[in-house]
Amino acid sequence: MPHTTESSLARAPLAGLTAPALPPDDPARVVLHNEVHARPPARIRLPALVVYVAVLNDGITREQECAHLRQLPGQGELTSDALAGNFLRLRFADHTLKWERHTEFSRYSLVQALPEGALSEGDEAQLIASLAVPAQWLAAIPGRTVAAIMMAMVHGEVDDPVAMRQLAEPWLNSREPLASWLGVRRSCAMTDFRLRPSGFERLLVISPPGTSELRVGRISQRLLEAETYRLMALRGLPVAKELAPMLGEAESQLAGITARMEGADASDQELLDTLIGLAARVERATASHMYRFSATMAYHGLVEQRIEQMRETPIPGTQMLGEFLQRRLAPAINTVQATAQRLNALSQRIERTSALLRTRVDIATESQNQQLLEKLTRGQELQLRLQSTVEGLSIAAISYYVISLLLYGAKALKSVGVPIHPELAAGALIPVVLWGVWRTTRRIHEKLHAGH
C-alpha cells in the first residue's frame, strides 16, 4: 500500500471536483486507519529458515536500533524516521529482515532459504555459520534476549505422522516432540520447547505442496508470537514469588495491629505509626509491580488468542502445542493472578483498618473534648460565683466609702452651724446608699450584656 500523508489527503480533491469532498481529517485519522496494515505477515517461500530474536528494549532507543540496522549491507543511509512506525522490513537479494518495536520488547525476524542439509544434519554451528547475517551482528542486537527461535519450514505430506516424526528427528533431536495439525490438517507444527546451547529454540513447520506463501507467513507469525507472548507473560512469575514473603509478613503484621486495637491498653499513636508504615510498604509494592501483573494477564490473553487462531487438531500419539502451552502456563498465570488479588485485598484491609483506627481516635478525641468542656463549664460556674461574691463585697466597700464621705460632709456642715446630727444622718442614709450602689452595678451589667 503506497504511503500517503495526511496533508495530501486533506488537500487533494477528486478529479472533476474543485474542492475536497469531506471535512478536514482528524489529526490521527490516517495513522489510525493505516494501523490495520502496520504489521503485515511476510510471504515465505518454502523451504525456508526463519531466525527470530526478541529482546527487551528497556533503555534502548530507536536511534540505537537504527544504528545497528545500518551495519547491514546497503543500509548505511537508513534514518531513524524509517523506524517511526515501529515496523520495518528490509529486503535483500536472498533474504528479508523484519524489525518490530513493541512496548517492552523489539523483535528481529530473518527469513532466508533453508540451507542445504540443515534439516537432515541439524548441526547448530554449521547452521549459524550459514545465516544471511553475521552471527556477530545477531549477538550485538541492542537489548536482552527474551526469545530466540530457529524455525525450519518445508514442504511435505502432513497425513503421515510417522513420516513427519522421522523428518523432524534430526532437526529437533527429541524422542517425543510436541506436534499438532494447524488449520484443519493443512499444516503441521512440531517442537520440544527446549533451549539449545546456542540459546535458540527450534520449530519445524511442514506444509503440503501448493500452500500459499501468505499462509506460510501467517503460520510463522502466529507460532513466533505465541512463544514470545508466553515468555513475556511468565515475567510476572518471579515477581509474584518475590512478593510472597513480604505479603505474608504484612498480613501477619496487620492481624497483630487489629488484635491490639481490641485492647484498651494499646497506644493509638503507636498503632497509627505502625499502620502507616505498613500501608507505605504495600503501596510501594503495588506501584512497583501492579503493571507487571497487568501485563502478564494481557500477554496471557494474547497467547490464548494466537493458540485459538492456529485452529489445532491433535495428531495421534502426540500432545498439541497449544494444549502443552496452556497446561504449563496456567499454574504460573494463576500464581500471578492470585498474588495481584492478594495485594489488592491487603491494601483494602489496611484501608478498612485505618478507617477503624481513625474512628477510634475520633471517639477518643471527642471524649477528651467533652471532658475539657465540662471542666471549662465548671470553671465558669466557679468564676461566676466568685464574681458574685466579689461584686457583693464591692457594693459593701463602695457604700462604706460613700457613707464615710457623707459623714464627713455632715460633720463639716455641723461645724459651720448647721443643726445636724452627723452620725444619725449617716446611719439614716445607709439603705439609700446601698440601694444606689447596687442599682448602678446592675445598670453597668445590663449595658455590658446589651453590648454582646
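**Figure 1. Serine 80 and its contacts in the loop.** Beyond its neighbours within four places in sequence, serine 80 is in contact with Glu63 and Cys66. This is a predicted model, and our first stop in it is the loop between helix H3 (62-69) and strand E2 (87-91), where serine 80 has its place. Serine 80 and cysteine 66 are 14 residues apart along the chain, yet their C-alpha atoms are separated by 5.9 Å. Is serine 80 buried, partly exposed or exposed? Its relative accessibility is 24%, so serine 80 counts as partly exposed.

**Figure 2. Asparagine 86, a residue with a positive phi.** Stay in the loop between H3 and E2 and you will find asparagine 86. Although asparagine 86 is not a glycine, its phi is positive, at about 65°. With a relative accessibility of 22%, asparagine 86 counts as partly exposed.

**Figure 3. Arginine 311, between a helix and a strand.** Here the view moves to the loop between helix H10 (268-310) and strand E9 (312-314), which holds arginine 311. Arginine 311 is not a glycine, but it too has a positive phi, of about 50°. Its relative accessible area is 44%, so arginine 311 is partly exposed.

Figure 4. If you follow the backbone from leucine 46 to proline 47, you cross a cis peptide bond with omega near -5°. Most peptide bonds are trans. Proline 47 sits in the loop between helix H2 (29-34) and strand E1 (48-56).

**Figure 5. Glutamine 112 and its polar side chain.** Glutamine 112 belongs to strand E4 (residues 105-113). Because its relative accessibility is 8%, glutamine 112 counts as buried. Which backbone nitrogen does the side chain of glutamine 112 reach? That of alanine 132, at 2.7 Å. Leaving aside neighbours within four places in sequence, the contacts of glutamine 112 are Ala48, Leu49, Asp94, His95, Ser130, Leu131 and Ala132.

Figure 6. Helix H8 (residues 213-233) carries serine 220, which counts as buried because its relative accessibility is 5%. Away from its neighbours within four places in sequence, serine 220 is in contact with Ile44, Val50, Met151 and Met153. A search of the whole structure turns up three cavities of 30 Å³ or more, and the largest cavity holds about 140 Å³ of space. Seventeen residues line this cavity, and those closest to its centre are Ala42, Lys98, Ser109, Ser220 and Leu224. Each of E1, strand E3 (95-101), E4 and H8 supplies at least two lining residues, with the largest share, five residues, coming from H8. Sorted by class, the lining has seven nonpolar, five polar and five charged residues.

**Figure 7. The second largest cavity.** How much space lies in the second largest cavity? About 80 Å³. Its lining includes Ile149, Thr191, Phe193, Leu223, Met310 and Leu325. Strand E8 (201-207), H8 and helix H11 (321-415) are the elements that give two or more residues to this lining. H8 gives the most, with three residues. By class, the lining of the second largest cavity divides into eight nonpolar, one polar and two charged residues.

Definitions and conventions: Residues numbered from 1 in each chain as written. Predicted model: local features only at pLDDT ≥ 70, side-chain atom pairs only at ≥ 80, totals over all residues. Heavy atoms only, no water. Helix = DSSP H or I, 4+ residues; strand = E, 2+ residues; numbered from the N terminus. Buried < 20%, exposed > 50% of the residue type's maximum accessible area, 1.4 Å probe, protein only. Contact = heavy atoms within 4.5 Å. Polar contact = N/O pair within 3.5 Å; in protein donor to acceptor, adjacent residues only side chain to side chain. 1 Å grid on protein atoms, 1.4 Å probe; cavity = no way out; pocket = protein on both sides within 12 Å on 5 of 7 lines; lining within 4 Å. Points joined across faces, edges and corners; volume = space filled by probe spheres on them. Nonpolar A, V, L, I, M, F, W, Y, C, P; charged D, E, K, R; others polar.
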